[in-house]
Amino acid sequence: MSEETELYFVQLAVGEMQNLAYLIGSHSTRECLLVDPAWSVDGLLDRAEADGMKVVGALATHYHQDHIGGSVFGMDIEGIPRLLERHPVPVHVNAHEGDGTLQVSGASESDIVRHAAGDEISVGRVSVRLLHTPGHTPGSQCFLVEDGVGPGRLVAGDTLFLDSCGRVDLPGANPEDMYRSLNETLKALPDETIVYPGHIYGDPSDTLGAQKQTNPFLRVTSLEQFLSFMGR
Ligand SMILES: [Zn+2]
């Protein structure tokens with residue numbers, strides 16, 4: 001019997017804005033999902049292939065160019081179109097993103113699957129639960145990855161950073177939603193959950209329990225305090 005664990009989980013730094021992409025899958029079925037296909041889509045697909053994993057879908061944390069591809073700050077960031085060109089798979093987004101994903105990335109309606117809060121995608125015995133965490137964008141989502149053995153892993157996109165959180169001053173952002181996503185949805189998860197952010201600003205991961213102690217955006221005690229902290 002193999003000692004190999006069921007969960008296949010790879011964190012990869014990509015691009016010029018300190019983004020982190022993820023490969024999440026099952027060692028038993030050799031299938032994986034690609035989280036936030038941007039910057040170096042070929043590099044991400046090549047890594048999966050080198051690991052003997054078949055990419056069966058992509059997950060988008062939210063519709064910003066540095067996570068799904070598109071043009072921003074004078075840069076053309078490759079993303080979903082390159083993925084679909086080389087290896088067509090369904091792209092899973094939250095329904096509340098509206099047409100943002102299509103407008104930003106240039107993808108077509110037939111390329112995306114729109115999800116409701118709490119939907120689950122399984123690869124082998126690994127489950128990925130789609131948590132709707134609006135605030136940074138209307139349809140931002142975090143992914144709770146569980147293999148039934150180790151602690152849950154939270155792939156947090158631009159909602160929760162280590163000791164920080166995503167911006168709420170961009171179009172489509174909503175500070176009150178961010179407060180609820182952080183202090184209701186995410187804070188309700190067990191302390192042993194490991195947080196994997198969408199950008200690397202220091203450490204690559206931390207436990208949610210430690211973040212509840214040190215992250216000022218999780219330490220606030222009221223919406224009013226959160227908003228004043230945000231300069232509102
Ligand atoms: Zn973003």
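Me: In which strand is Leu 131 found?
Reply: This is a predicted model, where local features need pLDDT of at least 70, side-chain atom pairs count only at pLDDT 80 or more, and totals for chains, interfaces and linings use all residues. Residues are numbered from 1 along each chain as its sequence is written. Strands (E, at least two residues) and helices (H or I, at least four) are DSSP runs, numbered from the N terminus. Leu 131 is found in strand β10.

Me: Why does Leu 131 count as buried?
Reply: A residue is buried if 20 or more other C-beta atoms lie within 10 Å of its own, exposed if 12 or fewer, and partly exposed in between, with C-beta atoms placed from the backbone. Leu 131 counts as buried because its C-beta neighbours inside 10 Å number 22.

Me: How many residues of β10 are buried?
Reply: Strand β10 covers residues 126-132 and is mostly covered. Of its 7 residues, the number buried is 5.

Me: What separates the C-alpha atoms of Leu 131 and Cys 142?
Reply: Cys 142 is among the residues in contact with Leu 131 once neighbours within four places in sequence are left aside, as are Ala 117, Gln 141, Leu 144 and Thr 185. Contact requires C-beta atoms, placed from the backbone, within 7 Å. Leu 131 and Cys 142 are 11 residues apart along the chain, and their C-alpha atoms are separated by 5.1 Å.

Me: How many bridges join β10 to β11?
Reply: Two strands pair if DSSP finds at least two bridges between them. Strand β11 (residues 141-146) runs antiparallel to β10, and Ser 127 stands opposite Glu 146 in β11. The number of bridges joining β10 to β11 is 6.

Me: In the hairpin of β9 and β10, which residue takes a positive phi?
Reply: Strand β9 (residues 120-123) runs antiparallel to β10 and is joined to it by 4 bridges. Val 123 stands opposite Val 126, and Ile 121 stands opposite Val 128. The hairpin has 2 residues between the strands, and the one with a phi near 55° is Gly 124.

Me: Which are the edge strands of the open sheet?
Reply: The sheet has 6 strands in the order β9-β10-β11-β12-β15-β16, with mixed pairing. An edge strand pairs on one side only, and here the two are β9 and β16.

Me: In β16, what is the bridge partner of Val 195?
Reply: Strand β15 (residues 194-196) runs antiparallel to β16, with 2 bridges between them. The bridge partner of Val 195 is Asp 206.

Me: What arc do the buried residues of helix α1 cover?
Reply: The buried residues of α1 (residues 41-50) are Val 41, Leu 44 and Ala 48. The arc is that of the directions from the helix axis to the C-beta atoms. These residues are on the same side of α1 because they cover an arc of only 70°.

Terms used
Two residues are in contact if their C-beta atoms, placed from the backbone, lie within 7 Å.
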